[in-house]
Amino acid sequence: MAIRLGNSCVNCENLTANEECSIHQVKVSDNYTCDSFEMKMALKDDPNCSTCSRFQTATCARPNKAAIGMLCSHWAPQGTA
């Protein structure tokens, strides 16, 4: 039995914006995986304060230390719009 932790739907290029699989036409979550899995080319952009959705907000874990180019364990990617 293969363990495919990284092969979840959240990392698959077949996942649509409404969290549906474009191959199987069903609603999925990051707990799902299948043999049609196709890894997204880039999982993260540049993970640092300038690309963090919490940067310069009340939810920033380290507001006094946060600076462009820095990274912490609370990094959250900015939404794609």
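Of the 81 residues of the protein chain, 20% count as buried. Buried here means under 20% relative accessible area, exposed means over 50%, and partly exposed lies in between, with a 1.4 Å probe and protein chains only. The model is predicted; local features need pLDDT of at least 70, side-chain atom pairs count only at pLDDT 80 or more, and totals for chains, interfaces and linings use all residues. Residues are numbered from 1 along each chain as its sequence is written, and side-chain values use heavy atoms, with hydrogens and water left out.

The secondary structure of the protein chain comes to 0 helices and 0 strands. Both are DSSP runs, numbered from the N terminus: helices are H or I of at least four residues, and strands are E of at least two. The chain exposes about 6400 Å². Carbon and sulfur atoms supply 53% of that area. Accessible areas come from the Shrake-Rupley method with a 1.4 Å probe, and for residues only the protein chains shown count as cover. Among contacts between residues at least 6 apart in sequence, 45% join residues at least 24 apart.

The largest nonpolar core has 5 residues in all: Cys49, Cys52, Phe55, Trp75 and Ala76. Such a core is a set of buried Ala, Val, Leu, Ile, Met, Phe, Trp, Tyr and Cys residues joined through side-chain atoms within 4.5 Å. Phe55 is buried, because its relative accessible area is 19%. Leaving out residues up to four places away in sequence, Phe55 touches Cys49, Ser50, Ala66, Ala67 and Ile68. Phe55 and Ile68 lie 13 residues apart in sequence, and their C-alpha atoms are 8.9 Å apart in space.

Trp75 is also in this core. Its relative accessible area is 18%, so Trp75 is buried. The C-alpha atoms of Trp75 and Asn48 are separated by 7.1 Å, although the two are 27 residues apart along the chain. The Trp75 side chain reaches the backbone oxygen of Asn48 at 3.1 Å. Ala76, another core member, touches Thr51, Cys52, Ser53 and Arg54, not counting residues up to four places away in sequence.

Ala66 is one of the residues touched by Phe55. Ala66 itself is partly exposed, because its relative accessibility is 23%. With residues up to four places away in sequence left out, Ala66 touches Cys49, Phe55 and Cys60. Ala66 and Asn48 are 18 residues apart in sequence, with C-alpha atoms 9.2 Å apart.

The structure holds 0 disulfides. A disulfide is a covalent bond between the sulfur atoms of two cysteines. The criterion is a pair of cysteine sulfur atoms within 2.5 Å. For Cys60, the closest cysteine sulfur is in Cys49, at 6.3 Å, too far for a bond. Cys60 is buried, at 16% relative accessibility. For Cys72, the closest cysteine sulfur is again in Cys49, at 6.2 Å, and is also too far for a bond. Cys72 is partly exposed, with a relative accessible area of 34%.

Phi of Gln25 is near 60°, and phi of Gln56 is near 60°. Gln25 is exposed, at 58% relative accessibility. Gln56 is exposed too, with a relative accessible area of 69%.

How values were computed: Contact means heavy atoms within 4.5 Å. A polar contact is a pair of N or O atoms within 3.5 Å; within protein, one must be able to donate a hydrogen and the other to accept it, and residues adjacent in sequence count only if both atoms are side-chain atoms.
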